[in-house]
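Here are a few notes to read alongside the model. Have it open while you go through them.

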Amino acid sequence: DRLQVVSTPLDLDRVLRIDNAFRGTIDDLKCLRWLRNIQLVRVDGTRINREWLEKIATLPDIRILQIRRSSLTSQDLQPLFQATNLNTLEIIYTPVDDQAIELLSRLPVWGTLRLFGTQISAEGAERLQSMMEGTTIVFGKGGFLGIAANSGSLELSQITPGSGAERAG
C-alpha cells in the first residue's frame, strides 16, 4: 500500500496520489515508468522533491499533473520536460516565482496551466500568457487556510499541519 490509485469522477481511468504519507523510496518511484493508464497524478506535500518529480514525469500516459503544497522551487520544475503529453499542469501553494516564467513557457503543456497561491506576480502571469499562445493560463493569488470540510457540511474534517488554521488554534 505504498501508492494509492483511485477512481475519479473525471473522464480519466485512474488517479495516482503521492503525498507526505508515501512510505516508499526513490527506488519504488522508479517503477512508475511502467504504469499504464495513469492519466491524473496528484502530488501533495513538502516531501515532494525534484528527484520524485523526475520519476513522476516518466509516467507514459500522464495528462494532468497537480502539484500542491510542495516546497518545489522554480529550479525544481526542470523534470517536467519529460512529461510530453500534459494537457493540464496545476501548481498550487508552491513557492514557484517569476524565475520559473521562462521554463514554464517552454513546458509541453498544451491545454491549461493553473497557478494558484504561488509567488508568481501578476505581471509574470501576463508575460507567461503572451509566451504560451494556445495555452489557457489560470492565475490566482489567494490565501490558504489549511482546512478541509466534509462534503455538504461546515464541519471541519482536517486541519493541515503548519497552516494558518493550525496556528490560529
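**Notes on the fold**

1. Of the 169 residues in the chain, 41% are buried (buried is under 20% relative accessible area, exposed over 50%, partly exposed in between; 1.4 Å probe, protein chains only). This is a predicted model, where local features need pLDDT of at least 70, side-chain atom pairs count only at pLDDT 80 or more, and totals for chains, interfaces and linings use all residues. Residues are numbered from 1 along each chain as its sequence is written, and side-chain values use heavy atoms, leaving out hydrogens and water.

2. You'll find five helices and nine strands, which are DSSP runs numbered from the N terminus (helices: H or I, at least four residues; strands: E, at least two). Starting at the N terminus, they run β-β-α-β-α-β-β-α-β-α-β-β-β-α.

3. Take a look at helix H4 (residues 122-131), whose buried residues are Gly 124, Ala 125 and Leu 128. They sit on the same side of H4 because they cover an arc of only 100° around the axis, going by the directions from the helix axis to the C-beta atoms. Exposed Glu 123 and Glu 126 are on the face turned away from that buried side. The cover over the buried residues of H4 includes helix H3 (101-106), strand E6 (112-116) and strand E7 (136-140).

4. Next, Leu 65 in strand E4 (residues 64-68). Leu 65 is buried, at a relative accessible area of 1%. Beyond its neighbours within four places in sequence, its contacts (heavy atoms within 4.5 Å) include Val 41, Leu 53, Ile 56 and Leu 89. Arg 42 is 23 residues away along the chain, yet its C-alpha atom is 6.1 Å from that of Leu 65.
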